[in-house]
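Subject: A structure for you to look at

Hello! Here is the structure I promised to pass on. Have a look at it first, and then read my notes below.

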Amino acid sequence: MKDVAPEEVVTTISAGNSWAFFDFAELRRYRDLFYFLVWRDIKVLYAQTILGFSWAILNPLVQIVVFSVIFGRVARIDTDGIPYVLFSTVAIIPWTYMSEAMTAASQSLVQGKQVLGKIYFPRVLFPLTPILAKLVDFSISLVILVVVMTYYQVTLTWNLLLLPPLILAMMLVPTGIGMWLAALAIRYRDVKFAMSFFIKLLIYTAPILYTASAIPEQYRFWYSFNPLVAVIEGFRASLLGTPIEWQFIVPGLITSVLVFLSGAIYFRRMEKVFVDVI
Amino acid sequence: MTKKAITVDNLSKVYRIGLKGATNDSFGRAMIDFARSPFSNYRKYRSLYRFSEDELAGNYVGEDILWALKNVSFDVDQGDVVGIVGVNGAGKSTLLKVISNITPPTIGSITIRGRVSSLLEVGTGFHPELTGRENVYLNGTILGMRKKEVDFKFDEIVDFSGVEKFLDTPVKRYSMGMRVRLAFAVAAHLEPEILIIDEVLAVGDAEFQKKCLSKMEDVGKEGRTVLFVSHNMAAVTRLCSRGILLSGGSIIGDSDAHSIVSTYLTSGMGTAASREWPDSADAPGDDAVRLRSIRVIDTDGAVAEGADIRKPVGLVMEYDVLSDDQVLLPYFSLTNDEGVLVFSTIDQDIQWHTEPRRPGRYTSTAWVPGNLLSEGMVYVLVAMRTPHRKYRPIQLGDAIAFNVIDKMEGESARGSWVGRLSGAVRPKLDWTTEYKSAEDAPGD
């Protein structure tokens, strides 16, 4: 088209791996594709279902009910006086997003292998697409959060200002892990099998069903480097107005940034050979 | 001064092909191997894209190493339309994949100046659950268009595809043909500076292919750089100004398209309309008979790559009979593009059905009447049969091929109909239609 500036694009393709970080100019050129990929994922997700987007509510809702019965009523886990339903809801909503985004991102390259072998576009769009697409489910599931918080008459505090950066952190975690796992999964399909129990175990590594203060003192330092801990503790403090425990939030954020950066570098190093190792 | 759009410099691409591992005959060995398998699997998957210096050294002949491309260098000027030809496995598709940035070169580099679109497949990324309209946008952006470019061309794309009515129907309910049309319509409206196309014209019916070919011709005329892989020699000569002939991963010819196509065809690499065996010793056959040449000719006796659908074509086989004790019956079998056997034919001269031929050179010609074959490629099996069912001194599948073309000048079975007319044969039949006006019709 005539109105597009005649910028000359020079591409050099050469042998060998590079340590280059993302080519942001190129990603910018492909932003429309990114938009359509995300939009495709959203449109197709609940195609030919009866309940449609209600699944985005049902899925976390069932988990909340089950966990509230087992851990709240039967095991009677101590939650520092917070009603268990409220306690678990504020954690399960971001957890559901993170686990689903992580699983989808890790399988994104394997599922897209048909396209991978036929056309070039920045490969990182594959794992990034579910990170954005799953936000739709997340937003819908916020309905549960609002209902539960209204029922328990939670008063909002200034802590709520932390929520937007926490949502970014919540996206950063599956992005970093997703890039790592996607790049590994295309070479080793073991990832797919490991993923199902990895996610099941992962839920117990974060204070989703129990409080972080239940962790014995001497382990807390190492525990706090789990990026999930930062997101979950952050969500709880921000929504429920409980004191912000920075010692549980800062280390996890550092880890998630490191996982993101290393994931990006590993992905970039590997992306050239994806097609040859499918 | 013309600028170089593509510079390919000493490009090589090496693949590791799987080798069958040693098999075990004892249970104990098998258990040990099972325990070790994670390590050997890890090494195996790692070695897929890593090659040692020894392996890449020029003279290394590794059993599990395949040089899909070897030391390929060429330049393409801006505005050139280059056809890449070669037999299957010559490295054409690998070359396009490397230039399209899909797979990395093992050695060497490529520099590309300009926006590239590659079309290695029609309809990449089509999603069955999305509607036609949605897929146009998705596929368009996958091929490198911006959303506003798709907006701008949307009506043209839909017109070209001819599926207006089904735009809001999920693509999973489309017929294969409709899907291909829509996908090609999107691809045909790409406007990159450099276009890379792999054999995509091989899809769709003849009429749609014709439409696509003329669209491609326009693309070439607009001064865009095009790299085009095809087995359709007629398309290569028609569209391309220059040809590159690949064989075994290396360039063995780089010249104007016409001479490259004829080199390709006469070298016996492609299925050509004419083949000969100058040396009797290499010729197909045995002590009784040897094939010397085969060709497809038109009514003027000239070799016909492309045969006019309305005119007869001759299938000619020249052979030397070397002994006088065999009953020999020349035989041709015609197969179309879809692998359908159209018909077989055997020497009609009843004399030779029982009588052995005397030694000497024979030339037998079978004339296929005009208006019998359908449009498209026809592959000819050439054989020498004998009364013994199992003894065939000569049998060559896909020995020669020709393209039946309807120039749409009337007189063919099409008349002036331009739509589909499917079937393995297309005879021009006598049609009669009786007419009675409404008044004359028997009343009821």
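**Where the two chains meet**

About 4100 Å² is buried between chain A and chain B, and carbon and sulfur atoms give 62% of that area. Buried area is the accessible area, taken with a 1.4 Å probe, that two parts lose on being put together, summed over both. The size of an interface is often given in this way, as the accessible area lost when the parts come together.

Before you go further, please note that this is a predicted model: local features need pLDDT of at least 70, side-chain atom pairs count only at pLDDT 80 or more, and totals for chains, interfaces and linings use all residues. Residues are numbered from 1 along each chain as its sequence is written, chains are lettered from A and ligands numbered from 1 in the order in which they are written, and side-chain values use heavy atoms, with hydrogens and water left out.

How many residues does each chain bring to the contact? Chain A gives 38 residues and chain B gives 48 residues, where contact means heavy atoms within 4.5 Å.

Between the two chains there are 9 residue pairs in polar contact, both residues being at pLDDT 80 or more. A polar contact is a pair of N or O atoms within 3.5 Å; within protein, one must be able to donate a hydrogen and the other to accept it, and residues adjacent in sequence count only if both atoms are side-chain atoms.

On the side of chain A that touches chain B, the elements that give two or more residues are β1 (10–14), α2 (31–45), α5 (113–116) and α12 (274–277). Helices (H or I, at least four residues) and strands (E, at least two) are DSSP runs, numbered from the N terminus. The largest share of this side, 9 residues, comes from α2(A).

**Salt bridges**

A salt bridge is a side-chain nitrogen of Lys or Arg within 4 Å of a carboxyl oxygen of Asp or Glu.

One pairs B:R146 with A:D32, at 3.0 Å from N to O. B:R146 lies in the loop between α4 (132–142) and α5 (147–161) of chain B and A:D32 in helix α2 of chain A, so the pair joins two chains. Another links A:K43 to B:E134, whose closest N and O atoms are 2.6 Å apart.

**Strands that pair**

Which strand of chain B pairs with β1(A)? The partner is β4 (residues 107–113) of chain B, antiparallel to β1(A) over 5 bridges. Two strands pair if DSSP finds at least two bridges between them. You can find A:I13 opposite B:I110, and A:T11 opposite B:I112.

Within chain B, β4(B) is also joined by 5 bridges to strand β1 (residues 4–16), and these two run antiparallel. There, B:D9 has B:S109 as its bridge partner.

Strands β8 (residues 242–247) and β9 (residues 250–256) of chain B run antiparallel too, joined by 6 bridges. Their hairpin has 2 residues between the strands, and B:G248 takes a positive phi near 55 degrees in it.

**Chain A as a whole**

Chain A has 12 helices and 1 strand. The C-alpha trace of chain A spans about 60 × 45 × 40 Å along its principal axes.

Enjoy exploring!
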